[in-house]
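Trainee: Okay, I've got this one open for the first time. Can you walk me through it?

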Amino acid sequence: MSGPSGGSSSGREGGRSLKTRVKTARKRTLSSTLWLQRQLNDPYVAQAKREGFRSRAAYKLIEIDDRFHILRPGMRVVDLGAAPGGWSQVAVKRVGAEEGRGRVVGVDLLPIEPMPGAEFEIMDFHDASAPARLKAWLGGAADAVLSDMAANATGHKKTDHLRIVGLVELAAHFAAEVLAPGGAFLAKVLQGGTEGELLAMLKRDFSAVKHVKPQASRADSSELYVLATGFRGARPAAGEAEG
Ligand code: SAM
């Protein structure tokens with residue numbers, strides 16, 4: 001029996017999930033065949049399709065938020081690396097942005113299909129002017145800064161690690177500039193989590209810092225999320241008199 005995208009189903013008749021195998025097509029590389037096979041057999045991909053979420057990633061935020069209660073009605077949320085919009089969909093629902101409560105603003109390198117309750121801009125967060133532009137656009141403090149940003153993998157472990165660490169650092173510095181006291185920061189990091197200076201900065205600026213691996217995050221992926229809650233408030237800039 002032919003499955004979606006040239007897949008074919010095999011396995012137990014009447015079984016709960018029949019495994020879908022993908023035939024290697026002449027123009028498909030082995031890695032894209034394996035990616036397609038994984039997508040077709042991924043229960044979160046199927047669930048996202050059924051429940052109208054734009055990405056399987058939505059379930060990572062749902063799981064983390066169900067456990068740690070980051071998102072509350074009326075909150076102003078920034079979603080960095082928001083495309084295609086799964087996390088924003090979750091944030092819109094949980095802050096009540098469609099009912100005119102709270103606000104969800106998202107940026108990405110890629111364009112994002114419009115979504116009721118959310119505002120999107122194309123932005124490269126590596127761009128030196130990006131944090132200031134985003135801050136001006138927000139026009140006030142945020143209650144949560146979420147970052148699921150991930151640069152396309154090069155396959156070179158060290159390069160990929162440095163690229164993702166760079167993005168998390170940018171996101172964390174941005175969070176420290178825009179969060180209201182009590183605010184939360186959630187960001188994708190790599191296995192090993194945040195270390196060194198970044199971890200020290202988060203521990204100084206937030207009352208609690210933990211690392212979370214949601215079940216929806218693929219077990220074979222080295223991704224992990226850092227969650228920092230209870231923002232202590234912006235530090236005075238260097239040289240600024242205190243008191
Ligand atoms: N959370 C999203 C969702 O639920 O739909 C999925 C995000 S996806 C895993 C990572 C995103 O980070 C990609 O869309 C990518 O374009 C974006 N990204 C990577 N580097 C970026 C950068 N420098 N600036 C803005 N977005 C970036």
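Trainee: Which loop does His69 lie in?

Mentor: His69 lies in the loop between α3, residues 58-68, and β3. Bear in mind that the model is predicted: local features need pLDDT of at least 70, side-chain atom pairs need 80 or more, and totals for chains, interfaces and linings use all residues. Residues are numbered from 1 along each chain as its sequence is written, and side-chain values use heavy atoms, without hydrogens or water.

Trainee: What's the phi of His69 like, positive or negative?

Mentor: Positive, at about 50°, even though His69 isn't a glycine.

Trainee: And which residue just after α2 has a positive phi?

Mentor: That's Gly52, with a phi of about 80°.

Trainee: Switching topic: is the peptide bond from Ala83 to Pro84 cis or trans?

Mentor: Cis, with omega near 0°.

Trainee: Where is Pro84 found, then?

Mentor: Look in the loop between β3 (residues 76-80) and α4.

Trainee: Now the ligand. How many residues surround it?

Mentor: There are 20, each with a heavy atom within 4 Å of it. The closest are Ser55, Asp108, Asp124, Phe125 and Asp148.

Trainee: How does that shell divide by class?

Mentor: Twelve of its residues are nonpolar, five are polar and three are charged. In this scheme Asp, Glu, Lys and Arg count as charged, and Gly goes with the polar ones.

Trainee: Which side chains have a polar atom 2.8 Å from a ligand nitrogen?

Mentor: Asp124 has a polar side-chain atom at 2.8 Å from a nitrogen of the ligand. Asp148 also has one 2.8 Å from a ligand nitrogen.

Trainee: What about the backbone of Leu109?

Mentor: A polar backbone atom of Leu109 is 3.4 Å from a nitrogen atom of the ligand.

Trainee: How much of the ligand's accessible area does the protein cover?

Mentor: On its own the ligand has 610 Å² of accessible area, and the protein covers 88% of that. Those areas come from the Shrake-Rupley method with a 1.4 Å probe.

Key. A polar contact is a pair of N or O atoms within 3.5 Å; within protein, one must be able to donate a hydrogen and the other to accept it, and residues adjacent in sequence count only if both atoms are side-chain atoms. Helices (H or I, at least four residues) and strands (E, at least two) are DSSP runs, numbered from the N terminus.
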